[in-house]
Amino acid sequence: MSNKEFTLTILPGDGIGPEAMTEVRKVIGWLEDSEDLSFTLHEDDIGGAAYERYGEPLADETLDKCRASDAIIMGSVGGQQWDNVDYNKRPEAGLLKLRKELQLFANLRPALVFDALIDASTLKPEIVKGLDILIVRELTGGVYFGEPRGIEDLGNGQRRGVNTQVYETYEIERVGRVAFDLARKRGNKVHSCEKANVMESGKLWREDMTALHKAEFSDVNLEHMYADNCAMQLLRNPSQFDVIVTDNLFGDILSDAAAMLTGSLGMLPSASLGAKGVAGLYEPVHGSAPDIAGQGKANPLATILSFAMALRYSLDCGAQADKIEQAVQALLTKGIRTPDIMANGCTEVNTSQMGDALIKELS
Ligand code: IPM
Ligand code: MG
């Protein structure tokens, strides 16, 4: 096997991000020792940590490092201490800038129910058993970035808050292509979700998805669904879904709902992909959980599984990604649990012990 070399930018961020990233480093160490891969790591700050260090949540030098790497592994951003900071300096703004600058337009959010964790879901086991949904969320457009935006003083004691939902055909098509392509490798079904009944941008979304499907992907099953119905169907009968493609804001909301079906936000990774040759960004779906930060209670598996996605989608090391995912399954089956997924009869471990157990399983 030839030695492969990769450059990663590691952005631990805020809250439990740094603790989880320490465990990712153990996995990187294992890959170097056992799998003949080598990694050059550039570590830097994002979010509140970057605000404290650079005065902004994503410094230009950090962005340059990200551009020059094969993949970016992020922890999480945010915390109450930055609640009163200006919008464009808030921790979240750093993440939004990274997504936008690298044009990481396709956000892949798998919602997978691990058999061993089935009782952790708030839904009945027969509803969520074997669930495997992939949400493809558009990530660089829509109301998150649309202009005009702002809060305006109307001078009569009233103010007006404005955001703009806007999509152009190329944005809909490129995220649509990602969703259809992925569906072909899975269950061959795509649900495209919008609010075409009330929004012009939703009507365009539906028309462009229909045209793209007809032109390039007529072998894939396509269904259109209103986003509110999709939220309801996710709770009613989630196994009808394979791939869901939707806009930035609906994707934010629907992916949280789908994540909770699995009962384990601490287990869910995500990938944000742009054009070929651009570094992908890999981050857990969960937030920075400041309430448990620094206590060894965090579940590092979502961040580790995000790194596995990086191996698969950015580094062409699918075999190693498989090994990591299988080791995680095995740990869960053995009942090794961080507090967030603890259950009767299982063994509770802390963040670092979970990382160690995973390395042991991998070895
Ligand atoms: C997410 C988060 C972000 C978003 C925040 C942190 C800006 O909720 O990744 O889902 O709204 O996109
Ligand atoms: Mg969100």
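Select helix α8, residues 227-236; helices here are DSSP runs of H or I of at least four residues and strands are E runs of at least two, numbered from the N terminus. Viewed down the axis of α8, the buried residues fall within an arc of 110 degrees, so they line one face of the helix; the arc is taken from the directions from the helix axis to the C-beta atoms. This is a predicted model, in which local features need pLDDT of at least 70 and side-chain atom pairs count only at pLDDT 80 or more, while totals for chains, interfaces and linings use all residues. Residues are numbered from 1 along each chain as its sequence is written, chains are lettered from A and ligands numbered from 1 in the order in which they are written, and side-chain values use heavy atoms, with hydrogens and water left out.

Next, display the partners of α8. Its buried residues pack against β5 (132-138), β8 (189-194), β9 (221-226), β10 (243-246) and α9 (248-261), contact being heavy atoms within 4.5 Å.

In α9, select N248. At 0% relative accessibility, N248 counts as buried. Beyond its neighbours within four places in sequence, N248 is in contact with R137, E138, L139, T140, G141, Y144, F145 and Y167.

Now colour the chain by domain: domain 1 (1-105 + 274-363) and domain 2 (132-266), with bounds from an automatic or database domain assignment. Their C-alpha centres lie 25 Å apart. The contact takes 14 residues from domain 1 and 15 residues from domain 2. About 1,300 Å² is buried between the two domains, 64% of it from carbon and sulfur atoms; buried area is the accessible area (1.4 Å probe) that two parts lose on being put together, summed over both. On the domain 1 side, select R99, K100 and F105, which lose the most area to domain 2, together 46% of what that side buries.

Finally, show the largest nonpolar core, of 64 residues. Such a core is a set of buried Ala, Val, Leu, Ile, Met, Phe, Trp, Tyr and Cys residues joined through side-chain atoms within 4.5 Å. F39, L108, V136, M267, F307 and L311 have the most contacts inside this core. Its largest share, eight residues, comes from helix α10 (residues 301-313). Apart from this core lies another, of 19 residues, among them L123, I133, C230 and L261.

Technical notes
Buried means under 20% relative accessible area, exposed over 50%, partly exposed in between (1.4 Å probe, protein chains only).
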